[in-house]
Amino acid sequence: MTFKVNEVFHSIQGEGARAGRPCLFIRLTGCPLRCTYCDTAYAFHEGVMREQGDLLAEVRRRLGPPRTGPCAPFVELTGGEPLAHPDAPVLLRGLLDLGYEVALETAGSHDLTLVPREVVKIVDRKTPGSGESHRWLESNLECLVPGQDELKFVLCDAEDYDWARAWCAERRIWDRVEVLFSPAWGRVDPAWLAGQVLADGLPVRFQLQLHKLIWGAEARGV
Ligand code: SF4
């Protein structure tokens, strides 16, 4: 089985409940969305075809034997939109079988029912400001595992904030899974967003993209 791979890189997870942990990222090529703030447009087309076995061997070589513990290195499949590859669930199963914790970053635009339940799903609920909110598959909410998966909102402006707050409240989704509110880089003042979350008493995790603070917004392979 082959996949078009944009890059494989070892870095610090920049977002979500696992922010700060060492992580090996596999970035697959291709995405059918075109978010207004996309920072990985280079992954739309660039990449090389690789065999699944070759990819798994690289993961083992670079991460070493699987370890346990709250900050053990883990592996994340990202993109692009990794689920645009119909065989991505098979690759995720292969990574799990190596014994690592495995995460998946996805836009929530593709069916999650085929993704192994134990894969940590970090699902990006696209807002109106992204220009791609209509791509959302509402049935994916049923696939989110409480205490494991995360629902992320990248907010582009005050309208996005109001929309995301209302959307979550309508579904009481923050009673079931961890919700992340993140300012779109360079478009929303983080202090403003943090203040709004506190003033409204929202049960969400405010987050910044740690890797951009460390290495800058334009750096690749981090
Ligand atoms: S889903 Fe991700 S990779 Fe695709 S356009 Fe949006 S931000 Fe870029």
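The model is predicted, so local features need pLDDT of at least 70 and side-chain atom pairs count only at pLDDT 80 or more, while totals for chains, interfaces and linings use all residues. Residues are numbered from 1 along each chain as its sequence is written.

**Secondary structure**
- The protein chain contains five helices and nine strands, where helices (H or I, at least four residues) and strands (E, at least two) are DSSP runs numbered from the N terminus.
- Read from the N terminus, the order of these elements is β-β-β-α-β-α-β-β-β-α-β-α-β-α.

**Overall dimensions and packing**
- The radius of gyration of the protein chain is 17 Å, which agrees with the value near 17 Å for a compact globule with 222 residues; the radius is taken over C-alpha atoms, and the globule rule is 2.2 Å times the number of residues to the power 0.38.
- The C-alpha trace spans about 50 × 35 × 30 Å along its principal axes.
- Of the 222 residues, 36% are buried, meaning that 20 or more other C-beta atoms lie within 10 Å of the residue's own, whereas exposed means 12 or fewer and partly exposed lies in between, with C-beta atoms placed from the backbone.
- Among contacts with a separation of 6 or more, 71% join residues 24 or more positions apart, a contact being two residues whose C-beta atoms, placed from the backbone, lie within 7 Å.

**Local backbone features**
- Most residues other than glycine have a negative phi, and most peptide bonds are trans.
- The peptide bond from Gly79 to Gly80 is cis, with omega near 15 degrees, and Gly80 is placed in the loop between β4 (74-78) and α2 (88-97).
- Arg172, although not a glycine, has a positive phi of about 50 degrees; Arg172 lies in the loop between α3 (158-171) and β8 (178-183), and Arg172 counts as exposed because it has 8 C-beta neighbours inside 10 Å.
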